[in-house]
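Biologist: Could you walk me through this model, one question at a time? I would like to hear the cut-offs too.

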Amino acid sequence: MSGFAFWRYRYMRRTVISGTLPGAREHPRRRHASPCCNNVPVHHPDPAAMRKQYRAQGLVATELAADPLRQFAHWFADAAAGGIDEPNAMVLSTADAQGRPSSRTVLLKSFDDRGFVFFTNYGSRKGTELTENPHASLLFPWHPIARQVIVDGGVTRVGEDETERYFRSRPHGSQLGAWASAQSTVIGSREELERRYAELVARYPEGGEPVPVPRFWGGYRVQPETIEFWQGRENRLHDRLRYRSAPEAPTGWTVERLSP
Ligand SMILES: Cc1cc2nc3c(=O)[nH]c(=O)nc-3n(C[C@H](O)[C@H](O)[C@H](O)COP(=O)(O)O)c2cc1C
């Protein structure tokens, strides 16, 4: 590229990226450029300048429910009432046999005294990691109400009956989608995926023969060993109360306060 062409390219890239695209809006905060992306500065709000004062309402151990699933039910209801979009979206972290972690969002589909259930493809990356290392962490990021909940524990597959019940409750298109995608594998093109889906629609039209439950698809239950409830407070003096499984305790749990 000639010198002129390079500067023209740089100018155009900056113009596009910094917000003159149709529909793009200037962020009200201070602009910041990271020296990334082949040395072409990309203008974006400076994350270091993003600072929010959290609400004053606190979390005290004496007001917590005796068991964390009950406490979670209260906070889950608050998150739903607080208008949080998909309050059941949680970040699931797993690790492979060497301890290398990976994270992704999944949807919580049920919870009770036995734990937290989500559904996925057993052959996916998370599925493979859970086979090698059946431990996981779940994080509910309820930022708009300055709360997060973190669950750590062992993971088991739910029974086939539970998977079947949930699979049958899904929309027909989602049932076919589970078959169409070899989740986490590399695929040549979007068209390939859509072709597979169209073949399934032809084979299992809605209202016809029931879609079988894929044997490679089902639920996992995370059985909590610890559950931390985090409440944002002023001046970064946040409340963190963590339940820890303690079979010898009358409630089966102890609660400890962590430094923020
Ligand atoms: C809001 C949201 C909800 C999701 N819910 C699920 C889910 O319940 N199950 C699932 O397998 N993938 C879900 N995904 C997709 C996963 O984040 C991920 O891309 C996929 O499971 C493959 O992950 P893996 O390759 O790490 O196994 C969701 C993604 C988002 C953004």
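Modeller: Happy to! This is a predicted model, in which local features need pLDDT of at least 70, side-chain atom pairs count only at pLDDT 80 or more, and totals for chains, interfaces and linings use all residues. Residues are numbered from 1 along each chain as its sequence is written.

Biologist: What span does helix H2 reach from its first C-alpha to its last?

Modeller: Helices (H or I, at least four residues) and strands (E, at least two) are DSSP runs, numbered from the N terminus. H2 covers residues 68-81, which makes 14 residues. The expected span is 1.5 Å times one less than the number of residues. H2 comes close to that expectation of 20 Å, with a span of 20 Å.

Biologist: Which residues of H2 are buried, and how are they placed around the helix axis?

Modeller: A residue is buried if 20 or more other C-beta atoms lie within 10 Å of its own, exposed if 12 or fewer, and partly exposed in between, with C-beta atoms placed from the backbone. By that count, the buried residues of H2 are Pro68, Gln71, Phe72 and Trp75. Seen down the axis, the directions to their C-beta atoms fall within an arc of 100°, so these residues line one face of the helix.

Biologist: Which residues are exposed on the other side of H2?

Modeller: An α-helix has 3.6 residues a turn, so residues three or four places apart point the same way. On the other side of H2, the exposed residues are Arg70, His74, Ala77 and Ala81.

Biologist: Which strand gives the most residues to the shell around the ligand?

Modeller: The shell has 16 residues, the closest being Arg104, Thr120, Ser124, Arg125 and Ser184. Two or more residues come from each of strand S4 (101-107), strand S6 (115-121) and helix H3 (125-132). With five residues, the top contributor is S4.

Biologist: Which residue in S9 stands opposite Phe118?

Modeller: Two strands pair if DSSP finds at least two bridges between them. S6 is mostly covered, with five of its seven residues buried. S6 pairs with S5 in the antiparallel sense over three bridges, while six bridges join S6 to S9, also antiparallel. Opposite Phe118, the residue in S9 is Tyr220.

Definitions and conventions. Near = placed C-beta within 6 Å.
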